[in-house]
Amino acid sequence: MSATGLLLLGVVAAVGGANVFPEPRLDTLPCGTTTMNPGERVAIQSPNFPQNYDTDYRCQYEITCNPMESTYLEFICPSFELESSTDCLNDRLVVTYHGSREEKCGTDSPDGTITSDGWTRLTFASNAATTAPGFRCYICHHHYNTADTHV
Ligand SMILES: [Ca+2]
């Protein structure tokens, strides 16, 4: 059985948009730094998902793909709901990649984000009051020159 084949099946199923999402046992990334290989897919999610996340929580993910200059990452976020606040001052997911830094909260999801190269840093932080169901996102690693995997 090919691990790559399973990953591709998962991607195809996700693109199909079916309710039946035959989710392979994806690694849910721990906080911290991760290196991905071409074609890989990982998941990140807020603590307790789909139950409400914790207050006073902070987690940073830094993901690097090699070779960084010929790859990019795509975020697919089927679920995204943080506490909504002006300028996302209360709870937020900060999505950073080279050339961009965005603060996401409420239902302003990073779904569909394409990074400029194979590097990103995501920081999820909540304050001392009011939580929400949070998020679950998939991060897909693509090569610029393999159009067949670019969905
Ligand atoms: Ca909050």
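I started at Phe-80, which stands opposite Phe-135 in β8. This is a predicted model, and I read each entry below with that in mind.

**Entry: the β4 side.** I looked up the strand pairing behind that contact. β4 covers residues 71-81 and is joined to β8 by 9 bridges. The two strands run antiparallel. I then checked another position along the pair. Ile-76 stands opposite Tyr-138 in β8.

**Entry: the β2 side.** Next I turned to β2, residues 41-45. I found 5 bridges between β2 and β8, again in an antiparallel arrangement. Here Ile-44 stands opposite Cys-137 in β8.

**Entry: the sheet.** In what order do the strands of the open sheet lie? I noted β2-β8-β4, 3 strands with antiparallel pairing. β2 and β4 are the edge strands, each pairing on one side only. From one strand to the next, the twist averages 20°.

**Entry: burial of β8.** How many of the 10 residues of β8 are buried? I counted a residue as buried if 20 or more other C-beta atoms lie within 10 Å of its own. By that cut-off, 8 of the 10 residues in β8, residues 134-143, are buried, so the strand is largely enclosed by the rest of the structure.

**Entry: reminder on faces.** In a regular strand, side chains alternate between the two faces of the sheet.

Note on methods
Residues are numbered from 1 along each chain as its sequence is written. This is a predicted model: local features need pLDDT of at least 70, side-chain atom pairs count only at pLDDT 80 or more; totals for chains, interfaces and linings use all residues. A residue is buried if 20 or more other C-beta atoms lie within 10 Å of its own, exposed if 12 or fewer, and partly exposed in between; C-beta atoms are placed from the backbone. Helices (H or I, at least four residues) and strands (E, at least two) are DSSP runs, numbered from the N terminus. Two strands pair if DSSP finds at least two bridges between them. Axes are lines fitted to C-alpha atoms, for helices over the stretch in contact, and angles run from 0 to 180 degrees between N-to-C directions.
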